[in-house]
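Have the picture open while you read, and find each residue as we get to it.

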Amino acid sequence: MSDNQYRMFNAEEGRVLAEAALRSITDSTARARGDDFLRILVRDLARALDVRYVIAGRVIGMDAGEGIRTLAVWGGDDYLPNMEYSLQHTPCQDVTAQCMCFHASGIQADYPQDRLLVDMGADSYIGMPMIDTEGQTLGILSAIDTGPMAEDKRLLALSLLSIFAARGAAELQHQDREQQLEAKVRRRTEALLAAQATLVEQTKMVALGTLVAGVAHEVNTPIGVAVTAASTMVSYADDLLKCVGGERVSRSELQGMAQRLREGALLIERNLARAADLIGNFKQLAVDQGSTHIADVGLREHALSVVSAHGPELRKVGISVEVDIAPELRTQLDAGRWSQVLSNLLMNAAKHGYPNGGPGQVTLGARLALEGGVRWLLLEFADDGVGLTSEVRERLFEPFFTTKRGQGGSGLGMHIVYTIVHQMGGQVAVAATAPGAGCRIKLRLPVRD
C-alpha cells in the first residue's frame, strides 16, 4: 500500500469513527437536558476519544479574575466531584478568548503553575469554548489525557468538541434564560402578593369605615332622642319649681309633673342603653378583628354581636338575620378571625345577594358533629337572594373576582373568608342551588377541646 493510499485509508477510517462516535453521543444525549446532558456528554466523549478526563465547566467571576465552575467531570472510571478553579496560568485561559487550545503532549511543562494538571497527571489537552448565540463565552469543554494525543485523535476530538461545545452552549444559554425567567416570575409574584396584601388591608379598612359610619349614624339616633328628652325634662323641672314656689300646690299637678319627669328619664335610660349596646358590639367586633387570641366563645352570643354591629347596613337594604345557634353551644376559636369571616359573609350577602334591595332573609346556623374521630363545627350561611350562576359559584373564592367591578367591589371579600377558614384548619364550599334560589355557604372548622 502506497503512502497516499495509507493516508486515504486512515482518513476514511477516521471519518467512519467520527460518524459512529457522533451518532452514539447524539443518541445518548438526545433526550437529556441541562446538567444531565452535560454529565452524559463528558462520559461519552471520554469513551469516544479514549481519554481519561473530560470536563464541562461554566465561566464565573472570581477575586483573581475569571474562573471555572465545573458542571460535569469524568475521571476515567466515574464522575468526579465538581470544583471551582482560577483560569490564571491554565490552558483554559486561552480558551475563554474563544480560541481552540491543543497540546499534544507536555502540557505540565507548558503550564507549570497549574496544580490541577499535576494532580491529574495530565500530558495532553484539547479545549473548546462554549459560545452562545450572542457571541459570549459561557463555558469550556475540554478533554485531558495522561498520555500524548496523536494527530488522528486530535482531529476526532476537534470534530466532536466543536459540535458538542455548540450544543453545550445552547444548554447553558437555555439554563440562563430559565433562571432569568424564574427570577422575573419570582419578582412579579412577590410584587403581586404585596399588592394583594395591600388590597386586602384596604378592603378591611373600607369595610371598617363603612361599619364605623353605620354605627355612628345608628348611635346618633338614640343619643339625639336622649338629648331631646333631657332638655324637655329641664323644662319640666322648671315648671315643677314654679309650682312648688307658688302659694297653692295641688296634688294632681305634682303627680302629673312627676309622671312626665319619670317618662323622660325612662326615655333617656332606654336610648342611652341602646347606644351603649351599639358601641359595645362595635368595640367587641373591632377588638376581635384586631386580635389572634384563641378563646372560649359562645357562638350564638358572638354571632348576634356581629349581626348587631352590622345592623345599620343590613337594615339599609332590608335584610333580617336569623341566628339559629343553640345558646349553650361554645367552642375554642380565634374570635378575631371568626368575626372577620362572619362580617364578610354578611356584607357579601348585602352587596351581592339583593342587587335591587330587600326584603331578604339571612339564616346563620351552627352545630357540632363528630366525623372520622374529629369534632367539627359545621356552620351554614344562607340567604334567599338572587343566587349564583355556575360561573360565579366556581370562581367565588378566587382573589379579585367580583361581579361589582367598577361599583366598589374589590373581589377580595370571599377570598378573605376562604383564606381565614383554611388558616384555621377548616374548609369552605358553596352548595349548588338553582338560579334565584339564594346562596348557601358551608363551613367546617376543627373543634379544640
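1. Let's start with a pair of neighbours. Arg43 and Asp44 join their side chains in a salt bridge, with N and O 2.9 Å apart. Keep in mind as you look that this is a predicted model. In general, side chains of opposite charge can pair when their charged atoms come close.

2. How do these two partners sit, buried or exposed? Arg43 has a relative accessible area of 24%, so it counts as partly exposed. Asp44 comes in at 10%, and because buried means under 20%, it falls in the buried group.

3. Now for a pair that spans the chain. Arg58 makes a salt bridge with Asp176, and their closest N and O atoms are 3.1 Å apart. Arg58 belongs to strand 1 and Asp176 to helix 6, so this contact ties together parts that are 118 residues apart in sequence. Both Arg58 and Asp176 are buried.

4. Next, have a look at Arg330 and Asp296. They form a salt bridge too, with 2.8 Å between the closest N and O atoms. Here the link runs between distant parts of the chain: Arg330 is in strand 9 (residues 330–334) and Asp296 is in strand 7 (residues 294–298), 34 residues apart. Arg330 counts as partly exposed because its relative accessibility is 41%, and Asp296 is also partly exposed, at 44%.

5. How many salt bridges does the structure hold? There are nine, and those described above are among them.

6. Asp50 is not a glycine, yet its phi is positive, near 60 degrees. You'll find Asp50 in the loop between helix 2 (34–49) and strand 1 (53–62). With 57% relative accessibility, Asp50 counts as exposed, because the cut-off for that is over 50%.

7. Which other residue has a positive phi although it is not a glycine? That's His89, at about 65 degrees. His89 sits in the loop between strand 3 (84–86) and helix 3 (92–95). Its relative accessibility is 40%, so His89 is partly exposed.

Conventions. Residues numbered from 1 in each chain as written. Predicted model: local features only at pLDDT ≥ 70, side-chain atom pairs only at ≥ 80, totals over all residues. Heavy atoms only, no water. Helix = DSSP H or I, 4+ residues; strand = E, 2+ residues; numbered from the N terminus. Buried < 20%, exposed > 50% of the residue type's maximum accessible area, 1.4 Å probe, protein only. Salt bridge = Lys/Arg side-chain N within 4 Å of Asp/Glu carboxyl O.
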